[in-house]
Amino acid sequence: HEPGPADVLAALRARASGARAEPDLRVAPLGEANSPLVTLALVEAPLVGQERRPLDLDGGDAVLATGGGGGITAELAVALAERYGVTIVAFGRTPEATLAPHADLDCGEQAELKRRIYQELSASGEATPAAISARFQRVLRQREIADTRRRIEAAGAKFVYRSVDLADPRALCLALEEVQS
């Protein structure tokens, strides 16, 4: 049977609860070797013969997490920060909110947030449904990043976030150089 989204979710839930999921689901690259384009597919892989070893990390290490500061990336980053005290460097596409606290980030209710965005964009004549939706989604992603930062710092670790397009090698190199200094 071909694993689907429900299988992935079940495997993630089993892992989160400490259970051992059989079969294990892994991501395997498909396509030509040396090709810059890679297609990902889920494949079944048994856990037989595989030994789990603790990571050799400590508070002096840094871990680069690509995919931003939300979702599964954030959960893994928080777990690494809590367990090992490592610095988490997260790269994602969402610009981090620069005004702290920004009025949009202080608004708790989504309907109120949309109303504020509508008012702000109406004042500049830019209140289209697409513009309102894009701004709303960006604020929600920024909230996730801010929440991830709070959780990692509460664990006593450092969190560095940079907005970078991972498909742009020059931008990626510049961001890596910046965080290394």
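Q: How much space lies in the second largest pocket?
A: About 230 Å³. Keep in mind that this is a predicted model.

Q: Which residues are closest to its centre?
A: Gly 67, Gly 68, Gly 92, Arg 93 and Thr 94. They belong to a lining of 16 residues.

Q: And which elements each supply at least two residues of that lining?
A: Strand S4, residues 87–92, and helix H5, residues 129–154. H5 gives the largest share, with three residues.

Q: How do the lining residues divide into nonpolar, polar and charged?
A: Seven are polar, five are nonpolar and four are charged.

Q: Back to S4. Why is it largely enclosed by the rest of the structure?
A: Because six of its six residues are buried.

Q: Which residues sit on each side of S4?
A: Thr 87, Val 89 and Phe 91 are on one side. Ile 88, Ala 90 and Gly 92 are on the other. Both faces are covered.

Q: In what sense do S3 and S4 pair, parallel or antiparallel?
A: Parallel, over five bridges. S3 covers residues 62–66.

Q: What stands opposite Ala 90 there?
A: Ala 65.

Q: New topic, rings. How many aromatic pairs are there?
A: The count is zero, with ring centres required to lie within 6.5 Å.

Q: OK, what lies over the face of Phe 136?
A: Lys 114. The distance to the ring centre is 4.7 Å.

Note on methods:
Residues are numbered from 1 along each chain as its sequence is written. This is a predicted model: local features need pLDDT of at least 70, side-chain atom pairs count only at pLDDT 80 or more; totals for chains, interfaces and linings use all residues. Side-chain values use heavy atoms; hydrogens and water are left out. On a 1 Å grid over the protein atoms alone, a cavity is a set of points where a 1.4 Å probe fits but cannot get out, and a pocket is an open set with protein on both sides within 12 Å along at least five of seven lines; lining residues have an atom within 4 Å of a point. Grid points are joined across faces, edges and corners, and a volume is the space filled by probe spheres set on the points. Helices (H or I, at least four residues) and strands (E, at least two) are DSSP runs, numbered from the N terminus. Ala, Val, Leu, Ile, Met, Phe, Trp, Tyr, Cys and Pro count as nonpolar, Asp, Glu, Lys and Arg as charged, and the others, Gly among them, as polar. Rings of Phe, Tyr and Trp (its six-membered ring) pair if their centres lie within 6.5 Å; planes under 30 degrees apart count as stacked, over 60 as edge-to-face and the rest as tilted. A charge sits over a ring if NZ of Lys or CZ of Arg is within 6 Å of the ring centre and within 35 degrees of the ring normal. Buried means under 20% relative accessible area, exposed over 50%, partly exposed in between (1.4 Å probe, protein chains only). Two strands pair if DSSP finds at least two bridges between them.
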